[in-house]
Amino acid sequence: MKYTPLSFQMIQVYILSMLFFTASSVLTVIFPLQASASGVLEGEIGIIMGVYMLVCMFLRPWAGQMVAKYSVFTIMKWLLLGHAATLFIYITFGIDSLYAVRVLQGVVTAFFSMAIQMGISETLREEERGQGMSMYSLSSVMPSLYGPALALLLWSQEDKIYLLLFIVALAIFPLLIFIRSPLPKTKQPNASFTLFEMMSALKEASHHKGLVISSITMLVGACIFGAISTFLPLYMVNENVGNVVLYLFLQSIIVVGSRFILRKRIPSDGKWHPKFIVLVLLSSFVGTTILACGFMIGPFIYVAALFNGLSSAMLYPTLTTYISFVVPKKSKHILLGVFLASYDLGFSLGSLVMGFIVQFGSFSIMYATCSILALFVMGLIAYQRTQKNSSIYLT
């Protein structure tokens with residue numbers, strides 16, 4: 001049965017996503033602060049935070065296979081139980097469990113994101129798929145509106161019982177919402193694949209310039225987002241630059257508003273739109289450049305929230321929708337996971353690599369590096385556009 005993007009059934013899916021990612025939003029702020037308070041250096045904090053998406057990257061292709069083989073509904077049931085178990089491990093062992101918790105979060109998120117996106121692809125009409133992906137992305141960032149402020153509020157309390165009770169609630173409520181969800185129970189025949197088949201599918205896809213350039217764009221964009229997500233709270237708190245809660249709130253307002261208001265602008269025709277992507281990357285370049293100069297511009301640093309929010313809102317749903325159209329159908333369940341893994345790798349590198357740039361350089365150098373990366377991809381897209389015979393424009 002096909003639903004509309006704003007039907008009651010699909011709204012239930014978006015609420016499930018919002019509850020799931022609320023835990024990530026809260027803990028992403030608390031973990032670096034907790035580690036820093038315990039004397040952990042920025043490089044190791046980057047490793048702790050980056051291992052989450054690194055694990056997600058390796059598992060996402062296999063997650064796609066498992067979802068296709070056993071159905072979206074079945075996989076979602078087990079991963080939500082795993083999500084609850086992960087949160088209870090953190091409640092029980094605290095800071096000593098950070099590495100284990102981040103690894104388990106990566107496992108669960110790999111399956112969750114693949115299950116939700118494959119479920120949306122199956123339950124929405126093709127012409128409305130872009131709206132559905134945008135609404136899912138919207139629900140995944142809604143927690144960033146209240147998550148950082150809530151995390152800092154809970155962390156600042158001398159008695160951490162309120163934080164622990166909130167995490168318990170985040171472990172239980174997604175399971176309750178899931179019970180009557182409309183996620184499909186259909187299984188895809190011949191969903192299993194070997195490593196050789198995956199390599200063959202990648203070799204075939206490598207000839208499609210659109211897939212290659214979109215994957216590079218997703219990787220670099222995610223690297224920038226990962227750096228901002230991991231180190232912005234430490235940057236503003238340690239360097240006394242602006243108010244981290246206000247900045248993250250403003251950025252989240254832009255992300256949420258943009259993904260809802262501009263959801264129909266997300267290209268859903270299976271074609272590559274270089275001008276649109278360059279504008280999104282230009283917004284990212286301006287945002288990170290402002291952050292790099294934050295110590296010199298005072299309150300104007302909040303302008304960066306506008307540009308970083310716009311780029312974060314538009315890049316992922318646009319590229320995800322495009323990739324969902326152009327991956328070869330016979331290996332779609334393989335390649336969708338592989339190419340989306342480029343986002344996980346990029347986000348992970350935003351923590352792993354940028355953490356050492358901060359430790360041996362500064363926050364300003366790190367954000368300037370993000371700006372250079374955005375310029376690089378814009379140049380790459382512009383170069384590809386000049387190739388009149390490139391297959392990127394034949395899709």
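Reader: What share of the 395 residues in the protein is buried, and what makes a residue count as that?

Author: Buried residues make up 56% of the 395. The word means under 20% relative accessible area, while exposed means over 50% and partly exposed is in between, with a 1.4 Å probe and protein chains only. Before we go on, this is a predicted model, where local features need pLDDT of at least 70, side-chain atom pairs count only at pLDDT 80 or more, and totals for chains, interfaces and linings use all residues. Residues are numbered from 1 along each chain as its sequence is written, and side-chain values use heavy atoms, leaving out hydrogens and water.

Reader: How many helices and strands does the protein have, and how do you know what counts as one?

Author: There are 15 helices and zero strands.

Reader: Why is S71 called buried?

Author: Its relative accessibility is 1%, so S71 counts as buried. You'll find S71 in the loop between α2 (42-70) and α3 (72-93).

Reader: What does S71 touch, leaving aside its neighbours within four places in sequence?

Author: S71 is in contact with M66, P184, K185, T186 and K187. Contact here means heavy atoms within 4.5 Å.

Reader: What makes the link between the side chains of S71 and T74 a polar contact?

Author: The two side chains are joined at 3.1 Å. A polar contact is a pair of N or O atoms within 3.5 Å; within protein, one must be able to donate a hydrogen and the other to accept it, and residues adjacent in sequence count only if both atoms are side-chain atoms.

Reader: Is N240 buried or exposed, and why?

Author: N240 comes out at 68% relative accessibility, so N240 counts as exposed. This residue lies in the loop between α9 and α10 (244-261). S71 isn't a glycine either, yet has a positive phi of about 95 degrees.

Reader: And why is F173 called partly exposed?

Author: At 45% relative accessibility, F173 falls in that class. F173 lies in helix α7, which runs over residues 161-178 and gives the most to the nonpolar patch, with three residues.

Reader: Which residues make that nonpolar surface patch, and what makes it a patch?

Author: F88, I172, F173, L176 and I179 make it, and it covers about 480 Å². Patch residues have over 30% relative accessible area and no salt bridge; like charges are joined within 9 Å, nonpolar side chains (Val, Leu, Ile, Met, Phe, Trp, Tyr) within 5 Å. A salt bridge is a side-chain nitrogen of Lys or Arg within 4 Å of a carboxyl oxygen of Asp or Glu.

Reader: Why is S312 called buried?

Author: S312 has a relative accessible area of 18%, so S312 is buried. S312 sits in helix α13 (residues 303-326). Leaving aside neighbours within four places in sequence, S312 is in contact with F225, V255 and R259.

Reader: How far apart are the C-alpha atoms of S312 and S137?

Author: They are separated by 9.9 Å, though the residues are 175 apart along the chain.

Notes: Areas by Shrake-Rupley, 256 points an atom, 1.4 Å probe, with all protein chains shown as cover. Helix = DSSP H or I, 4+ residues; strand = E, 2+ residues; numbered from the N terminus.
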